[in-house]
Amino acid sequence: MKIQKTNAMRILDQHSMDYTVHEYPHGKEAVDGLTVANLLNQDVNTVFKTLVTISNTKEYFVFMLPVDKELNLKKCAKVSNMKSVEMIPVKDIMKVTGYVRGGCSPLAMKKQYKTFIHESILDENTILFSAGKIGMQIEMNPIKLIELLDITVDDLVK
């Protein structure tokens, strides 16, 4: 069966980047990242979640980290050179990113925001992250993703 391409996949195709799509069963609601890793039989260290924050200056920042880790907002503020950052309200996710909760990809957001990724990415040959749709993940070389989006690698977790 042919996979319906998402905008995130189209961006990777435009840049001739290799990736694999993984699908998992789901209902209408988002499932947490640990469940996604288990459904796909993947190591939790290789499955990354995409979180969006807003700073004290009302700028948006994107943070990617393994699904079993928790974002440290103080570290995030520091790496983004902001006084503070906080998670955006769930009700604002679609308006800010163009994605629904649980299907937020770092690729093809309404606007490309400055993106940061946890340093553990450097230990992995491939990582998985949302393809922009609940039930679908993209697996690819993390260095290629870092280069494509000019992502900053740093310590972001508690």
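Q: What should be kept in mind about numbering and confidence?
A: Residues are numbered from 1 along each chain as its sequence is written, and side-chain values use heavy atoms, with hydrogens and water left out. Because the model is predicted, local features need pLDDT of at least 70 and side-chain atom pairs count only at pLDDT 80 or more, whereas totals for chains, interfaces and linings use all residues.

Q: Is Ala8 buried or exposed?
A: Buried means under 20% relative accessible area, exposed over 50%, and partly exposed in between, with a 1.4 Å probe and protein chains only. Ala8 has 0% relative accessibility and therefore counts as buried.

Q: Which residues does Ala8 touch, leaving aside those up to four places away in sequence?
A: A contact means heavy atoms within 4.5 Å, and Ala8 touches Tyr99, Ser105, Leu107, Ala108, Ala131 and Ile138. The C-alpha atoms of Ala8 and Ser105 are separated by 7.0 Å, although these residues are 97 residues apart along the chain.

Q: How is a pair of aromatic rings described?
A: The description uses the distance of the centres and the angle of the planes. Rings of Phe, Tyr and Trp (its six-membered ring) pair if their centres lie within 6.5 Å, and planes under 30 degrees apart count as stacked, over 60 as edge-to-face and the rest as tilted. The count comes to three aromatic pairs. The rings of Phe61 and Phe116 have centres 6.1 Å apart and planes at 50 degrees, so this pair is tilted. Both Phe61 and Phe116 are buried, and together with Phe63 they form one aromatic cluster.
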